Amino acid sequence: MHGTESRFAREASVPVEAQRALIRRFAVANLAEQGYPAGEIARLLGVARERVQRDLRRRFHEETRARFVREWAASALLVARLQRRDANHRRRARERGNHVERVRLAEIVVRDEATCYLCGDVIVPGELHFDHVVPIARGGAHAAENLRATHARCNQSKGSR
Ligand SMILES: [Zn+2]
C-alpha cells in the first residue's frame, strides 16, 4: 500500500515540461512509424524540425540499444570472450592486492544497457571495453560496482587525460 502511494507521488511530481516532452516523443514516434517525414511531423505537431530530428535519433538509439542488449545476452561466444578478459582484470587487481570479486561482464553489459558511460552512445560488440571507475592502479576494486561498459576509444582517451 505504502509502495503504491509513493509511486503515485513520484508520478505526480514529474514536471509538466517532462510530461509534455514524453507526449511529444510518443507522437513523433507514432507519426514516424506511419511514414511521415520529419518536416511534416514538425508541421503537424507545431515544433521545430530539429526537435523532431533529435527525438527520432534518440528513438533510433533506444531501439539499437535494446537490440544490442538482447544480442549481447544471447551470444555464448561473446560471453566466453568477456570472461577471458575478466580473468585478466582479476589477475591484475589481485597482483596489486586490490579487492577482487568474481564478475560476469556479460551481466554488466546488460546492466549498462550496452551504453558507453563516457559518451552515452550504443556500444557494438567489437568496440566494447570495461572501465574501472576507480582505476586498478589507484587501488580500485575489480567488482561489478566499480566497472562500467565503455567504447574502447572512449576508455583510451580517458586513460590519456
Ligand atoms: Zn563511448
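Where is the place of Glu113? The answer is in point 6, after a walk through the rest of the chain.

1. Ground rules. Residues are numbered from 1 along each chain as its sequence is written. The pLDDT is the predictor's confidence in each residue, from 0 to 100. The protein chain averages 82 on that scale, and 89% of the residues score at least 70. Among its elements, helix α1 (residues 2-12) has the lowest mean pLDDT, 51, while α3 has the highest, 94. Where pLDDT is low, the predicted coordinates should not be read in detail.

2. Overall layout. You'll find 7 helices and 2 strands in the protein chain, in the order α-α-α-α-α-α-β-β-α from the N terminus. These elements are DSSP runs numbered from the N terminus: helices are H or I with at least four residues, strands are E with at least two. Of the 161 residues, 19% are buried. "Buried" here stands for 20 or more other C-beta atoms within 10 Å of the residue's own, "exposed" for 12 or fewer, and "partly exposed" for anything in between, with C-beta atoms placed from the backbone. Contacts are pairs of residues whose C-beta atoms, placed from the backbone, lie within 7 Å. Among contacts with a separation of 6 or more, 60% join residues 24 or more positions apart.

3. The expected span of a helix is 1.5 Å times one less than its number of residues. Just after α2 comes Gly35, with a positive phi of about 95 degrees. The 20 residues of α5 should span 28 Å, and the 29 Å between its end C-alpha atoms agrees. Gly97 follows α5, and its phi is also positive, near 80 degrees.

4. Helix α4 and its partners. Running from residue 49 to 74, α4 has 26 residues and reaches 38 Å from first C-alpha to last, close to the 38 Å expected. Its buried residues include Val52, Asp55, Phe68 and Trp72. The buried residues of α4 pack against α2, α3 (38-45), α5 (76-95) and α6 (105-111). Take α3 as one of these: its axis comes within 8 Å of the α4 axis, and the two cross at roughly 115 degrees. Axes here are lines fitted to C-alpha atoms, for helices over the stretch in contact, and angles run from 0 to 180 degrees between N-to-C directions. At this crossing, Ala38, Gly39, Ile41 and Ala42 of α3 meet Arg49, Val52, Gln53 and Leu56 of α4.

5. The largest nonpolar core. A nonpolar core is a set of buried Ala, Val, Leu, Ile, Met, Phe, Trp, Tyr and Cys residues joined through C-beta atoms within 7 Å. The largest one has 15 residues, and Trp72, Leu105, Ala106, Val109, Ala114, Ile123 and Ala149 touch the most other members. The largest share, 3 residues, is from α6. Leaving out residues up to four places away in sequence, Val109 touches Trp72, Ala114 and Ala149.

6. Back to Glu113. Glu113 sits in the loop between α6 and β1, and Ala114 is in that loop too. Most residues other than glycine have a negative phi. Glu113 has a positive phi of about 55 degrees, and Ala114 has one of about 50 degrees. Glu113 is partly exposed because it has 15 other C-beta atoms within 10 Å, whereas Ala114, with 25, is buried.

7. Ile108 lies in helix α6 and counts as partly exposed because it has 18 C-beta neighbours inside 10 Å. Beyond four places in sequence, Ile108 is in contact with Val103, Phe130, Ala144, Leu147 and Ala149. Thr150, in strand β2, is buried, with 23 C-beta neighbours inside 10 Å. Setting aside residues up to four places away, Thr150 touches Cys116, Tyr117, Leu118, His129, Phe130, Asp131 and Asn155.

Methods. Predicted model: local features only at pLDDT ≥ 70, side-chain atom pairs only at ≥ 80, totals over all residues. Contact = placed C-beta atoms within 7 Å.
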